[in-house]
Amino acid sequence: MRVNVRVRNEWLLVPAKSSKLTVDWLGKQALARYRTLKDYDQEEQDSVLEIRKSPGGSLLFPDDHIEDVVENDGFVYTVLKSEETTDGVVSSSTMLQDVDATYKSPSEYLSLDGYSLSTDDMIKLGEGKYNIKLTDEAWEKVTAARNLLEKIVEENRVVYGVTTGFGKFSTVVVPPEKLNEMQENLIRSHAAGVGEPLTPERTRRLLALRINVIAKGHSGLSPKNLRSMIDAFNSSCLPLVPEKGTVGASGDLAPLSHLALGMMGEGKMWSPRTGWGDAKTILKMHGVEPIVLGPKEGLALINGAQLITALGTEAVERAAAIARQADVVAALTLDVLKGTNAAFDSQIHAARPHKGQMLVASNLRSLLASDVHPSQIFDQLCDRVQDAYTLRCCPQVHGIVNDTIEFVRGVLTTELNSATDNPMVFADRQKTISCGNFHGEYPAKVLDYLAIGVSELACISERRTERLVNPSLSELPAFLVNDGGNNSGFMIAHCTAAALVSENKVLTHPASVDSLPTSANQEDHVSMGGFSARKCLTVVEHVEQTLAIELLAACQGIEFHRPLKTTAPLEEVYQLVRSVVAPWDKDRYMAPDIEAATKLLREEKVWKAVKPYMDNYHAERQKAARISSSPVS
């Protein structure tokens, strides 16, 4: 049998030819091989302190036989004596925290054809819910495009990026013997990104999206190299891709070059089984062939706005999730503040029939006091004519966010299924055409728009939190805590919400209004969409956190109305929150509560808690409408 053993940051394949060999022998053998291969001159007395399985980190007993505790071609890692600190604690980096012990390879496959990928598919691909495969028709198109490129090379035609240089060097004809080297040089030189690496989830989406673009059959990548990319995705072999460095035209060149570089077996790569390592080693350990680039294939891997779009799909789906739940949180706050639901009457919103506005008003009606879901807190005899805008105008403010999300999702869905190469290969016409489909202006603009739109949810939420914690507005104890002065309650939680909203005001300045010429002025207008996407994700995160603070404050407000109860769906929300956050009877460490509430929102548990009640409300309303419209006998 053979075992993959990690010593320091290197993976070594160690054969174990005898069934009698022990875990202790395996550790010593791996260290000896590491010393030989790496000229390891650290003190000769260094030894293996322990050996653990990967993933999972299970500690292996030194005297056990290898075959009893490690499967053939399995993975283990060593902890050396030299990696132990003076107090006997092993460094956290040594413990391979970058190995994902929870990852399970999916059994379901998603078929890619270049035409039908959705934003929801992208989320699930990032989460590792699917492996991928291409349709037969997509394979035919990919093969036809590659055949045309090989014909062009054989005929010595002059075609940009195939037989010429790139950008400013587009007029330089490259001799046939250097065409492959030119493509490799392109990837190596363009892999110039900086910053933190993308998370595995985001890299999965990026790789899947680039495969989907190639599947359209306009890129010219060889079927063999495309199969290697699919194999890498299905093994979750993910190259290191720094998040910064793209100007969003001619595509996301730097990040996509890092993606391609890893597929070439160069640079760093991650997989759930191995953690980080050299790309060549990680690919080999998973039985994936590194790609070998032919004419145009480097260019075929890096033209296009796939980083902007991949990040954008996460932003728009998270924005949709928090927008739905913002209605629920606002409803809870309104009931705690004894607000009126008169402003949500259906006739009001039919008179101004924006789709999002009508949806939010309908959501609020299904959550607030009604004959279907009565509230003991709601005061029908209240003489208040109208509420403040942050309560009364939720349908108008939340509504446009919903409409923005729908618009952005539509543009991104088109982008997910668009060919973005230059030149484009048209096998049916037996020609290539230079173009500008790589330009990232579409996703850049809509993600700036999304950031502006969704930020308003945090803006109005923070104002509702202010009404909850301010006793002159809420008729509740100051900062929602008893024994004020000794306790500060939600005082600084509200400050945190205000800080997040203020940050969003800066982050919503559009990145795509800027442009700096690059490539010796050949690329004289760019989208700057990479930052549009990254800051949009930050804005969405701030919105989630701000609404989590309002959710906690509203639930705390409920405590001061007890024993009265709110509506059934909102009581369900209260119970959900109380399953992870206790009532605030005196001051305690606040940050974990905010984190727990944010997690509930991010996992959409608040929406899932109320959805059955909302469906029941609408069903009862439809039933009542049918009865009232029936002819009198």
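Predicted model: local features only at pLDDT ≥ 70, side-chain atom pairs only at ≥ 80, totals over all residues.

**Walking through the model**

Student: What does N225 touch, leaving out residues up to four places away in sequence?
Tutor: N225 touches I291, V292, L293 and E297. Contact here means heavy atoms within 4.5 Å.

Student: Where is N225, and is it buried or exposed?
Tutor: N225 is in helix α7, residues 223-234. It is buried, with a relative accessible area of 3%. Buried means under 20% relative accessible area, exposed over 50% and partly exposed in between (1.4 Å probe, protein chains only). Helices (H or I, at least four residues) and strands (E, at least two) are DSSP runs, numbered from the N terminus.

Student: How many helices and strands in the chain?
Tutor: The chain has 22 helices and 13 strands. Buried residues make up 53% of its 633 residues.

Student: New topic. At what angle do α11 and α16 cross?
Tutor: The axes of α11 (residues 306-336) and α16 (residues 441-469) cross at roughly 20° and come within 10 Å. So α11 is roughly parallel to α16; angles under 35 degrees count as roughly parallel, over 145 as roughly antiparallel, 65 to 115 as roughly perpendicular and the rest as oblique. Axes are lines fitted to C-alpha atoms, for helices over the stretch in contact, and angles run from 0 to 180 degrees between N-to-C directions.

Student: Which residues make the contact?
Tutor: From α11, they include I308, G312, A319 and A326. From α16, they include P443, L450 and R464. The contact residues divide into 16 nonpolar, three polar and one charged. Ala, Val, Leu, Ile, Met, Phe, Trp, Tyr, Cys and Pro count as nonpolar, Asp, Glu, Lys and Arg as charged, and the others, Gly among them, as polar.

Student: How many residues of α11 are buried?
Tutor: In α11, 30 of its 31 residues are buried. Just after α11, K338 takes a positive phi of about 55°.

Student: And E10, where is that?
Tutor: E10 is in strand β2, residues 10-15. At 18% relative accessibility, E10 counts as buried. Leaving aside neighbours within four places in sequence, E10 is in contact with V5, Y34, K38 and D278.

Definitions and conventions
Residues numbered from 1 in each chain as written. Heavy atoms only, no water.
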